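Trainee: I am new to this structure and would like to know what the words used for it rest on.
Mentor: Then ask about each word as it comes up.

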Amino acid sequence: MIDTIEKEDPVISEEEAAQYDRQIRLWGLDAQKRLRGSRVLLAGLGGLGAEVAKNLILAGVKGLTLLDHEQVSEESCRAQFLVPVTAQGQNRAKASLERAQNLNPMVEVHADPDRVEDKPDDFFLQFDAVCLIGCSRDLMVRVDQLCSQRNIKVFCGDVYGYYGYMFCNLGQEHNYVEEKLKVVKPTRDSNDGPEAKKAKVDLNETTMVKKTASFCTLKEALEVDWTSEKAKAGLKRTPVDYFLLHGNEKCQFIKQVKKYKCFSVIYVILDSKPLAGFFCVENSFAGIRPMSPPSTKFHGHGHAAFA
Amino acid sequence: MAISHGYIELADSLSSCKVLVVGAGGIGCELLKNLVLTGFKNIEVIDLDTIDVSNLNRQFLFQKKHVGKSKAQVAKESALQFCPSANITAYHDSIMNPEYNVEFFRKFMLVMNALDNRAARNHVNRMCLAADIPLIESGTAGYLGQVTVIKKGMTECYECQPKPTQKTFPGCTIRNTPSEPIHCIVWAKYLFNQLFGEEDADQEVSPDTADPEAAWKPEDTAARATASEKDGDIKRVSTKDWARSTGFDAVKLFNKLFKDDIMYLLTMDKLWKKRKAPTPLDWQQLEDSARPQEETPGSGLKDQQVLGVWGYCQLFQHSVETLSSHLQEKGEGAELVWDKDDPPAMDFVTAAANLRMHIFSMNMKSRFDVKSMAGNIIPAIATTNAVIAGLIVLEGLKILAGEVETCRTIFLNKCPNLRKKLLVPCVLDPPSANCYVCASKPEVTVKFNVHKTTVLALQDRILKERFGMVAPDVQIEDGKGTILISSEEGETEANNHKFLSDFGIRNGSRLQVDDFLQDYTLLVNVLHTEELEHDVEFEVVGEAPDKAPTPPSNQEEANSITNGNKDSAQPSTSSKAEDDSDDVMIVDSDEEEAASSATAKPAPSSGTKRKHSDAETGETSTKRPRTTQQSSAAADNDDDDDIIALD
């Protein structure tokens with residue numbers, strides 16, 4: 001889908017050129033045109049979803065569909081900035097629509113109040129990329145299987161207090177280009193002065209190098225046999241957050257590791273029992289001490305201070 | 001599982017403490033949103049700028065309808081939407097205004113910079129040191145970003161590490177022997193000022209007869225210099241007056257700049273012994289041989305087209321006509337200020353620069369590319385700023401929780417490092433004992449010619465530009481405490497054009513310089529010299545010597561980040577920003593490679609006359625390799641703790 005940008009109007013308007021100037025200067029006009037031709041699905045409009053929505057809308061995609069069946073709660077307004085404080089009780093996607101649209105009128109923003117689980121397969125196929133935020137593991141695996149085969153890019157993610165993860169599957173054969181600076185070799189002629197003899201990097205001369213990358217499916221990523229020797233060896237470099245992706249079925253697995261204080265937060269989050277209070281957990285990243293929220297929903301927020 | 005008391009206190013202090021956000025642009029908008037959602041209740045935000053359409057791709061608190069309005073004001077209004085109970089105060093003002101004194105800064109528990117220029121950063125650094133308030137410093141450029149914490153007595157201050165000064169070009173390169181497009185662009189901007197703006201003696205565009213390279217014998221240089229001063233012709237009349245006398249006739253202007261002056265340069269034959277000589281242009285010839293421009297299919301932006309020579313001749317003519325009529329409309333003694341977002345001003349520089357590039361056998365550039373260079377545009381996107389703003393709040397929470405020792409400098413890289421990390425934390429360094437700002441009795445030694453340096457040059461070039469002071473007071477340590485410069489307006493104006501030697505200043509003299517606003521005293525030791533390089537006004541002694549430029553590796557070039565161009569001590573005008581991009585400090589994309597990139601020495605600290613308000617090169621933290629490896633070692637150990645033994 002992303003490859004067929006020709007069907008869209010190739011000419012960038014003056015208004016777009018002015019507004020997108022600073023990003024065109026970073027990723028180039030071609031990339032901007034591709035963005036401009038893409039339709040994206042965003043499921044889940046909590047705090048993380050709102051940030052993703054903002055970033056995609058500002059970037060100038062063609063269309064963004066906000067999909068969320070949840071209702072706006074008192075917490076929602078503190079968690080994200082798209083939902084007005086007066087919107088309690090409304091559908092979260094619909095309540096986010098106005099401010100989302102105002103971020104960039106050139107993007108077609110839609111709100112859909114349905115459950116993502118209830119959507120048929122062909123719903124997902126109308127998009128160039130799908131983002132699943134705070135969705136169940138089964139849904140993510142299903143959508144990932146469905147989309148990646150058809151070159152629809154899949155992104156999944158969620159946050160839990162100070163923890164979070166992002167997974168992406170750009171397909172088995174993802175083609176892209178990398179911009180490399182050209183090094184101007186010194187010329188042999190001595191017509192030009194001594195300056196010309198030095199190899200210069202002309203910051204404005206770059207070449208685009210074509211590359212391909214291959215991504216595994218979510219199913220494959222989750223089905224790693226951690227008891228195998230190879231996996232055990234790789235465990236050292238596996239971020240803690242990887243295990244957050246595993247749902248309740250892995251509770252047994254998680255319990256086994258709760259004795260390591262860094263995992264206790266996961267255990268508590270994934271257990272269906274409500275939390276009794278705050279947990280303090282050491283984290284190797286930057287020496288901060290994250291806390292788990294005192295809520296049954298692992299993506300909810302107990303206290304605005306730790307959103 | 002009891003709640004840790006520290007965190008309840010933290011939650012309370014969030015709602016009661018006051019914080020200051022300096023800047024409401026790319027980082028500022030994201031930061032304000034984060035602060036409000038995190039639960040900060042008392043926020044003050046200051047920004048001197050107004051909203052431009054090019055801000056809208058990332059400064060999401062602003063919409064199209066807000067273009068032209070105050071950033072601080074609109075940011076406040078938009079943020080209040082998310083949390084109507086928050087208490088936000090907005091200032092449409094420069095943070096360097098003396099109103100924001102040490103007492104003002106003391107109101108806050110935390111100051112967060114979201115700036116795009118070094119002068120303001122230096123200033124806020126000093127104010128926060130003076131007030132002893134923790135400062136979170138940050139910057140972004142493209143995909144790269146950085147956050148760090150500055151706490152008096154505990155960490156390095158912003159000025160502890162010498163930062164490379166902005167890149168400037170010698171006058172003779174600009175006026176006589178340009179070899180790169182940027183030289184021609186700088187020349188074109190100077191030309192704009194000479195014709196339509198504030199004339200500056202350091203922005204001459206005519207051939208430099210005193211170019212030492214042009215003389216076959218050293219004596220000739222001096223002879224030529226005095227000869228040109230004695231000439232009773234064009235050279236003595238200001239460029240603007242001459243242009244006015246021709247009625248700003250574009251063709252006459254063209255022929256002088258692109259034909260006559262070039263022919264003059266050709267007579268300085270030594271310059272062209274080893275260089276390709278320039279080829280003069282003739283208007284009539286170009287007009288006669290002009291062919292209708294072929295329309296290339298519009299796949300690129302209109303601005304990305306590169307015209308032919310005649311195309312730029314026409315652009316030159318049109319822009320001169322437009323600009324001269326604007327000037328006339330403004331009346332007697334009026335001046336235009338160059339602004340990249342003013343179409344005829346940008347057209348003029350595009351045309352003039354390209355014509356000069358063509359003359360000197362360089363490939364011409366599109367308006368799009370010229371604008372990037374002339375306007376020091378730093379590409380910017382929303383997401384980098386979002387990440388950095390998130391990190392700022394996380395560091396801020398550590399500070400408020402009383403855990404400053406857990407604060408870090410964090411680099412956001414474009415590609416993951418060998419440990420697959422995009423975010424790389426580094427332990428903060430302690431203050432530098434020799435820092436000319438935060439050391440207990442800061443001192444510097446500056447080398448210049450006491451007979452040729454004026455009081456004004458000392459004030460503006462050395463104390464304000466180089467040493468970041470806003471309102472310096474200078475006393476000579478001559479036993480009499482003679483006041484050389486007073487920050488009170490008018491008091492010492494009479495001294496401005498006198499030479500320092502007139503006051504008895506000589507080799508070994510000491511000057512006590514105070515900036516009372518910044519609560520900063522600097523002792524300046526004078527080292528007299530008669531041997532400075534051509535076009536170099538002064539040199540700060542004791543900083544890394546200038547090495548001969550080596551061809552930079554691709555890695556270094558990719559890493560080199562340009563900072564904002566608003567380097568003068570003067571804040572930019574509030575009507576239009578010269579550059580609205582975000583500043584950043586240099587970032588190494590790979591900690592393992594930090595050792596090699598760290599060898600890129602900071603640029604020489606000498607002040608040169610021909611200051612092009614160009615993008616500065618980023619700073620390098622030469623200490624970083626050590627600390628990065630330390631922290632990655634630490635990270636490694638923690639990883640060990642995370643091993644899960646499974647059966």
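**Asking what the words rest on**

Mentor: Of the 307 residues of chain A, 49% count as buried. The model is a predicted one.

Trainee: What else is there to say about chain A as a whole?
Mentor: Chain A has twelve helices and eight strands. Its accessible surface is about 15100 Å², with 52% of that belonging to carbon and sulfur atoms. Among its contacts with a separation of 6 or more, 55% are between residues 24 or more positions apart.

Trainee: And what are the figures for chain B?
Mentor: Chain B has 647 residues, and 57% of them count as buried. It has 19 helices and 15 strands. The accessible surface comes to about 27000 Å², 50% of it on carbon and sulfur atoms. Of the contacts in chain B between residues at least 6 apart in sequence, 72% join residues at least 24 apart.

Trainee: Why is A:Gln32 called buried?
Mentor: Buried means under 20% relative accessible area. A:Gln32 has a relative accessible area of 0%, so A:Gln32 is buried. This residue lies in helix α2 of chain A, residues 21-36.

Trainee: Which residues does A:Gln32 touch?
Mentor: Not counting residues up to four places away in sequence, they include A:Ile12, A:Tyr20, A:Ala59 and A:Gly60. A:Trp27 is another of them.

Trainee: What makes the pair of A:Gln32 and A:Trp27 a polar contact?
Mentor: The limit for a pair of N or O atoms is 3.5 Å. The side chains of A:Gln32 and A:Trp27 make their polar contact at 3.0 Å, so the value falls within that limit.

Trainee: How do you know that A:Arg36 and A:Glu16 form a salt bridge?
Mentor: The nitrogen has to be within 4 Å of a carboxyl oxygen. For the side chains of A:Arg36 and A:Glu16, the N to O value is 2.7 Å.

Trainee: What is the case of A:Lys119 and A:Asp112?
Mentor: They form a salt bridge, and the closest N and O atoms are 2.7 Å apart. At 9% relative accessibility A:Lys119 counts as buried, and A:Asp112 counts as buried at 12%.

Trainee: What makes B:Lys71 and B:Asp49 a salt bridge?
Mentor: Their closest N and O atoms are 3.9 Å apart, and the limit is 4 Å, so the pair qualifies. This pair also links distant parts of its chain: B:Lys71 is in helix α3 of chain B, residues 71-82, and B:Asp49 is in the loop between β2 (42-46) and α3, 22 residues apart. B:Lys71 counts as buried at 3% relative accessibility, and B:Asp49 is buried with a relative accessible area of 3%.

Trainee: Which residues are joined into one network by salt bridges that share partners?
Mentor: A:Glu51, A:Lys54, B:Glu30 and B:Lys33. Over all chains, the search finds 40 salt bridges.

Trainee: Why is strand β1 of chain A called mostly covered?
Mentor: Strand β1 spans residues 39-43, and four of its five residues are buried. β1(A) pairs in the parallel sense with strand β2 of chain A, residues 63-67, over five bridges. A:Arg39 stands opposite A:Gly63 in β2(A).

Trainee: What does UniProt list for residues 20-176 of chain A?
Mentor: The unreviewed entry gives "domain: THIF-type NAD/FAD binding fold". Over those residues the chain is 40% helix and 24% strand, and the end C-alpha atoms are 21 Å apart.

Trainee: Which residue does UniProt list as "active site"?
Mentor: B:Cys172, again in an unreviewed entry. B:Cys172 is found in helix α6 of chain B, residues 171-175.

Trainee: Why does B:Cys172 count as buried when its value is 11%?
Mentor: The cut-off is under 20%. B:Cys172 has a relative accessible area of 11%, so B:Cys172 is buried. Leaving aside neighbours within four places in sequence, its contacts include B:Asp208, B:Asp211 and B:His534.

Technical notes. Residues numbered from 1 in each chain as written. Chains lettered and ligands numbered in written order. Predicted model: local features only at pLDDT ≥ 70, side-chain atom pairs only at ≥ 80, totals over all residues. Heavy atoms only, no water. Helix = DSSP H or I, 4+ residues; strand = E, 2+ residues; numbered from the N terminus. Buried < 20%, exposed > 50% of the residue type's maximum accessible area, 1.4 Å probe, protein only. Contact = heavy atoms within 4.5 Å. Areas by Shrake-Rupley, 256 points an atom, 1.4 Å probe, with all protein chains shown as cover. Polar contact = N/O pair within 3.5 Å; in protein donor to acceptor, adjacent residues only side chain to side chain. UniProt positions renumbered as here; feature names shortened; annotations may be inferred. Pairing = 2+ DSSP bridges.
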